[in-house]
Amino acid sequence: LAMAYLAWGLAQRWCPSSLQVISFPVVQLHLNRTAMRLSQKDFESAMNQVKLLKKDPGNEVKLKLYALYKQATEGPCNMPKPGVFDLINKAKWDAWNALGSLPKETARQNYVDLVSSLSSSLESSSQVEPGTDRKSTGYETLMVTSEDGITKIMLNRPTKKNALNVEMYHEIMHALKAASKDDSAITVLTGNGDYYSSGNDLTNFTDIPPGGVEEKAKNGAILLREFVGCFIDFPKPLIAMVNGPAVGISVTLLGLFDAVYASDRATFHTPFSHLGQSPEGCSSYTFPKIMSPAKATEMLVFGKKLTAGEACAQGLVTEVFPDSTFQKEVWTRLKAFAKLPPNAMRISKEIIRNREKEKLHAVNAEECSVLQGRWLSDECMNAVMNFLSRKSKL
Ligand SMILES: CCCCC/C=C/C(=O)SCCNC(=O)CCNC(=O)[C@H](O)C(C)(C)COP(=O)(O)OP(=O)(O)OC[C@H]1O[C@@H](n2cnc3c(N)ncnc32)[C@H](O)[C@@H]1OP(=O)(O)O
């Protein structure tokens, strides 16, 4: 399969104009015409940039470029599924189909972002000395870019609905630590593809160490505590751009963000009881404060899924935008925020958040310890097995 990808990659030279005939369809009429032209221009220039990349970005990235290009120009996957032995076309079809109903405008934006992160990461990685930490230049599960005073951390496992695997937990911590020290004024977390994130990657439960499930649960609790701690301590304004459905830990963490902007396609779902688990991300403390104990119970105990509008009415989301204008409107706003004096913003965040920090760390520790026990329960193990054996989805 690797050889087939390689051959395909060489033949196509990962350049969209050679992937398929380029034809730009009529774009959605309700978009502002100027914004549309600008976005089209960015898209065209990104396509040219791809041709200029000096290094092969690898087959996984080429598949992502292909899928985003097709989605941006033709919309959701409309080809019949290739047969199992047609490996190359099956891989391309899978990548495109995984984008689901992602709007063309968002696909175009994601294509531009991917090319931009690729240009900077491949350029800078060619400059780093051998042995330098690769994570300071490139990530496996994230796309991290920094411009206009904004560091953007984009969850980048769209074919897995941006589920958080162990590597992604580590990379997010790394990216947050780097962002806390870089010269950007604000930091944004968002997702690539049609999901914001489907939460914890349930296959994390399958890799059992020699010490057995007890050791697995203990390590999970240590990782989770450190991970959530990075959000509690993050010093700059931290904004979530919830581009699509959010599940589990990607929802609970929102209580630790300074603003949450959501597309009207987003939903918010914390099915912990269904999974035999209990709340994390400090949500057992932040959610009752944000939305009242009863509303928090509906979400965290009964697993009620909220629409973006409902989440906004309950204070979890700051503002909801139509999906067709979500990227444009939110980025315009964020670019204006990022021009404000950074030290003033940092100090104001500190004064709003600091008196809660100690409490939040204590809540985090307690939640992790409770979860450690839950992960060893039959209820949890059965729920995970059911998902992995494809018997259940949310
Ligand atoms: C160590 C720290 C622990 C922190 C504790 C955190 C707790 C949580 O976050 S609890 C929430 C856990 N998440 C879930 O239970 C979601 C499970 N996923 C689903 O129910 C569904 O996949 C879906 C509703 C999110 C999307 O359904 P659909 O649109 O039909 O897409 P697919 O199911 O076909 O998904 C595509 C692809 O992605 C894989 N996948 C999606 N989510 C996860 C996940 N959370 N973990 C692992 N894998 C996931 C899915 O299996 C498909 O993979 P392939 O079959 O290989 O294509």
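**Backbone contacts and the ligand shell**

In this predicted model, a backbone N or O atom of Thr159 lies 3.4 Å from an oxygen atom of the ligand, a polar contact in the sense of a pair of N or O atoms within 3.5 Å. Of the 1100 Å² of accessible area that the ligand has on its own, the protein covers 80%, where accessible areas come from the Shrake-Rupley method with a 1.4 Å probe.

Around the ligand there are 25 residues, counted as near if one of their heavy atoms lies within 4 Å of it, and those that come nearest are Lys160, Ser198, Asn200, Leu202 and Lys393. Sorted by class, this shell has 12 nonpolar, seven polar and six charged residues, with Asp, Glu, Lys and Arg taken as charged and Gly placed among the polar residues.

Turning to the chain as a whole, the protein has 15 helices and nine strands, which are DSSP runs of H or I with at least four residues and of E with at least two, respectively. Of its 394 residues, 50% are buried, that is, under 20% relative accessible area with a 1.4 Å probe and protein chains only. Among contacts (heavy atoms within 4.5 Å) with a separation of 6 or more, 76% come from residues 24 or more positions apart.

Residues are numbered from 1 along each chain as its sequence is written. Local features need pLDDT of at least 70, side-chain atom pairs count only at pLDDT 80 or more, and totals for chains, interfaces and linings use all residues, while side-chain values use heavy atoms, leaving out hydrogens and water.

Conventions
A polar contact is a pair of N or O atoms within 3.5 Å; within protein, one must be able to donate a hydrogen and the other to accept it, and residues adjacent in sequence count only if both atoms are side-chain atoms.
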